[in-house]
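Here is a short report for a first look at this structure. Keep the view open while reading, and pick out each residue as it comes up.

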Amino acid sequence: MNCGPHYHERLVATVFIPSMLRPLAGDAEEIEIGGATVRDIVRNLTAAYPALGDRLLDNGQLRSNISVAIDGEISTLGLLDTVDSDSEVHFIPAISGGRRRTDADSLG
Amino acid sequence: MTVAATDSETTGQDRKPGPAAANGYEPNMVLANQTFDIVGSRPVRHDGADKVTGRAVYGADVTLPGTLHGAILRSPHAHARILSIDTSRAEQMDGVHAVMTAGDLPDAGDKIVDVGEGDTPLAYVHGNVLAKDKVLYQGHAVAAVAASNAHVALEAASAINIEYDVLPCSLTAPDAMRPEAALLHDDLVTKELGEESNRRSNVAEHFRWTKGDVETGFARADTIVERSFDTATVHQGYIEPHTVTALWNHDGRLLLWCSTQGAFVVRDVVSTILDIPVSTVKVTPTEIGGGFGGKIPVYMEPVAALLSRKTGRPVKIVMSREEVFLGTGPTAGTHTRVKIGASADGKIQAMEAELAYEAGAYPGSFVVPGGMCVFAAYDCENVAVDGYDVVVNKPSCAAYRAPGSPQAAFAAEQVIDEVALRLGLDPVEFRLLNAAREGTRRADGPKFRRIGCVEVLEAVKNHPHYSAPLVGPNQGRGVAIGFWFNAGLESSCTLNVNTNGTVNLVEGSTDIGGTRTSIAMQAAEVLGISAQDILPEVVDTDSVGFTSVTGGSRTTFATGWAAHDAAQKVVDEMKTRAAMLWAVEPEQVEHSKGTYTANGSSATFQELAAQASRTGGPISASATVKPRGVGGSFAANIVDVEVDPETGKVDIVRFTAVQDVGKAVHPSYVEGQMQGGSVQGIGWALNEEYFMGEDGTMRNSTLLDYRMPTTLDLPMIDTCIVEVANPGHPFGVRGVGEANIVPPLPAVANAIHDAVGVRMQRLPMSPPAVWAALAKT
């Protein structure tokens with residue numbers, strides 16, 4: 001199986017844009033975008049919508065009050081996580097001031 | 001009489017024998033859909049003897065030679081600037097060995113750190129351990145003392161003189177959101193998904209989720225109900241107070257013994273706060289007398305550590321009950337507005353919620369999961385949810401069983417009830433007509449995977465309780481449903497096979513609800529041996545791989561999964577050993593229920609274990625997991641109440657808890673979790689609250705005045721376990737510890753409405769509150 005970069009670039013995930021960020025993405029609710037990892041997806045999103053990228057990243061990392069869910073599950077790997085061609089990717093607000101939402105926030 | 005099967009897979013096996021109820025059915029039903037040999041049975045818990053004989057070692061039982069005793073001085077004010085701290089009198093007292101303040105902590109600077117619950121400013125973490133410039137709530141720790149005994153320590157702490165400039169305080173979210181409200185933090189501005197406003201505020205975070213178009217949806221509705229609700233600040237109420245013993249050893253290692261839900265989190269957070277390598281800290285978790293989420297944060301551990309370093313002696317600090325109320329937990333008080341519209345055919349057309357949650361002194365109110373859960377049980381095209389995380393002058397919030405979800409359900413499930421009544425529909429049928437299913441997209445975006453919302457509601461509808469007649473005047477019946485996500489995180493497990501065929505299981509998950517046994521059972525299932533032949537032990541942070549906290553209903557799910565994987569490795573090694581004995585290839589060896597066979601040869605697990613030394617030496621295996629595939633859980637209640645119209649007192653006459661647990665590994669423990677969550681929910685609904693003076697001081701900081709329910713207040717809590725297997729786990733486990741606290745709040749409120757016709761929009765629904773509501777009718 002060819003797992004090189006060309007194969008990865010053919011993967012297309014569906015990224016759901018949070019309502020508060022839609023004005024930065026042409027009012028789109030969802031965007032199909034290529035990438036094998038969340039980092040690829042954010043890079044390609046940023047190329048298409050620079051202002052959106054600024055709201056997601058800070059010094060190349062996901063902002064501390066934003067986390068990512070892949071196929072309904074909060075990712076603990078963030079930008080490093082992989083996505084499939086039929087994956088849904090959601091950017092989710094932090095649980096609270098400065099705290100990135102992770103599985104650990106689902107504790108009790 | 002039995003509950004009907006809830007789906008085609010359900011067989012109703014493992015119905016526990018019990019006393020025939022007066023209602024003519026066996027209580028505590030288990031609607032199972034998968035059967036195993038060990039998983040699903042009810043062995044005696046491994047730690048039972050130590051617990052019932054008092055031999056179990058809790059935090060306060062730890063005493064090292066030469067131990068000093070610590071005490072914390074706490075703020076009497078809810079909001080004040082610290083002008084000066086004079087420790088000279090305390091330092092000169094006989095028996096005092098050390099005094100410390102926030103100035104003894106390393107400088108936090110402007111670092112952002114991950115303290116186990118995501119990134120947070122280190123200054124906030126420091127600030128909650130010991131206040132530096134301001135105190136933000138009554139009970140905020142300001143200084144600490146180590147002395148020869150606890151009495152001297154308390155006396156010395158009271159001799160520390162602190163000069164305060166008292167400031168106005170805000171005690172509720174709506175109060176703190178006023179433009180003129182006094183600000184708790186000089187540097188806090190509102191964040192909205194990466195955008196920061198320029199205006200300083202007590203609102204740390206605002207989020208908004210939309211799905212479809214709520215205006216269009218409401219235009220299609222024939223009935224619209226909109227109401228606002230308030231819930232009080234409540235405490236997790238664990239019986240054992242926080243404790244810590246610290247020894248900063250001469251070799252530079254910091255040793256901690258404490259009551260915590262996560263020894264590794266304590267290790268990591270303490271090393272971060274003290275700016276020392278994580279490898280220098282070793283945490284030994286003692287037995288825990290309850291946590292419910294409230295024993296995840298670190299409070300006294302860094303203080304005891306620094307006092308130990310100053311004195312060269314072990315230092316032990318044990319909180320009083322008042323300190324637990326004032327200085328730890330609680331969960332958020334909330335203000336919520338919910339609006340729901342439905343068409344005459346019973347379909348919900350639009351749902352809208354605005355949630356403002358009190359975070360306490362520092363951001364972190366769990367409003368995000370509240371927003372994710374508020375309408376989780378419903379499939380609706382048009383939804384809008386706004387959430388606000390608001391700092392107030394109360395203790396910083398900690399997780400509490402399904403954090404954020406019960407408050408949201410108190411609002412949403414009452415409005416659902418009212419819409420159903422206005423449409424003339426049965427409240428369960430109305431919920432079923434609109435129930436979330438696999439593939440339903442939640443308001444926050446993601447789709448549900450396999451869930452048991454419909455199966456839980458079907459179990460409610462078919463339960464004998466739901467059709468039983470009410471038996472007295474002023475009685476009413478309420479139902480409600482709630483949701484919690486559960487969590488996965490990271491777990492480790494090691495299995496060491498003994499030559500007599502028993503297995504030592506080493507794990508790092510604090511055992512709160514019987515998880516030693518539920519984890520051991522999963523290993524036993526794979527190995528084909530009895531649960532009693534597994535000897536589980538919870539060990540310190542040097543002795544097992546990293547393990548996240550016991551929380552998020554994750555331990556049986558994730559640490560059990562690690563035990564499953566380690567056991568699979570043991571099975572593979574046993575096949576190799578058997579192959580050696582029988583001169584065959586390992587692939588030729590078959591394993592079934594603890595017996596290994598190949599080419600007519602056969603040996604049991606115990607027989608192969610006895611041969612370990614001559615077949616290659618000790619048999620041991622470890623596994624670590626960071627699993628995906630977490631399965632969320634729905635829980636519902638049927639509640640009968642009787643209201644005394646003269647006093648407003650509400651008695652719970654009958655209570656049934658129904659929950660989808662995926663797979664009940666040990667049904668007795670699952671029933672215990674469901675009953676415990678129900679009781680805490682009843683307390684939250686009827687009596688519990690931080691009763692605050694206008695000056696921000698708590699007026700009921702004892703268990704005499706903070707009214708938790710006792711057995712005298714409660715009927716037997718009947719349970720109905722529904723098993724909709726989680727496809728993401730080897731045994732279908734979802735996690736059971738939290739969703740059960742969500743529905744009692746609205747179910748009791750709906751029952752009160754059914755009984756006496758008043759809609760209770762504020763918690764607690766205590767006798768004075770119900771009496772006042774009745775007086776208005």
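R401(B) is buried, with a relative accessible area of 5%. That is under the 20% cut-off for a buried residue. The model is a predicted one. R401(B) sits in the loop between β20 (383-391) and α11 (405-423) of chain B. Its phi is near 25°, a positive value in a residue other than glycine.

A583(B) also has a positive phi, near 55°, and is not a glycine. Its loop runs between α16 (555-582) and β25 (590-592) of chain B. Is A583(B) buried or exposed? A583(B) is exposed, with a relative accessible area of 71%. The cut-off for exposed is over 50%.

Most residues other than glycine have a negative phi, and most peptide bonds are trans. The bond from G329(B) to P330(B) is cis, with omega near -25°. P330(B) lies in the loop between α9 (321-327) and β18 (334-342) of chain B. The bond from L763(B) to P764(B) is cis too, with omega near 0°. P764(B) belongs to the loop between α19 (744-756) and α20 (767-775) of chain B.

| Site | Angle | Value |
|---|---|---|
| R401(B) | phi | near 25° |
| A583(B) | phi | near 55° |
| G329(B) to P330(B) | omega | near -25° |
| L763(B) to P764(B) | omega | near 0° |

Next, the chain as a whole. Chain B has 20 helices and 31 strands. Its radius of gyration is 27 Å, close to the 28 Å that the globule rule gives for 777 residues, so chain B is as compact as a globular protein of that length. Along the principal axes, its C-alpha atoms fill a box of roughly 85 × 75 × 50 Å. Of the 777 residues in chain B, 64% are buried. Consider the contacts between residues at least 6 apart in sequence: 78% of them join residues at least 24 apart.

C493(B) is buried, with a relative accessible area of 1%. Which residues does C493(B) touch, leaving aside its neighbours within four places in sequence? They are L505(B), V506(B), A562(B), A563(B), A566(B), A621(B), S622(B) and A623(B). Take A566(B) from that list. C493(B) and A566(B) are 73 residues apart in sequence, yet 6.8 Å apart in space, C-alpha to C-alpha.

Finally, turn to a pair of helices. Helix α7 (residues 263-274) of chain B packs against helix α8 (residues 301-311) of chain B at an angle of about 60°. Their axes are 10 Å apart. The angle makes α7(B) oblique to α8(B). The crossing of the two is right-handed. On the α7(B) side, the contact is made by V266(B), V270(B), I273(B) and L274(B). On the α8(B) side, E301(B), P302(B), A305(B) and L306(B) take part.

Technical notes. Residues numbered from 1 in each chain as written. Chains lettered and ligands numbered in written order. Predicted model: local features only at pLDDT ≥ 70, side-chain atom pairs only at ≥ 80, totals over all residues. Heavy atoms only, no water. Axes fitted to C-alpha atoms, helices over the stretch in contact; angles between N-to-C directions. Helix = DSSP H or I, 4+ residues; strand = E, 2+ residues; numbered from the N terminus. Parallel < 35°, antiparallel > 145°, perpendicular 65-115°, else oblique. Left-handed = near helix turned anticlockwise from the far one by under 90°. Contact = heavy atoms within 4.5 Å. Buried < 20%, exposed > 50% of the residue type's maximum accessible area, 1.4 Å probe, protein only. Rg over C-alpha atoms; globule rule 2.2 N^0.38 Å.
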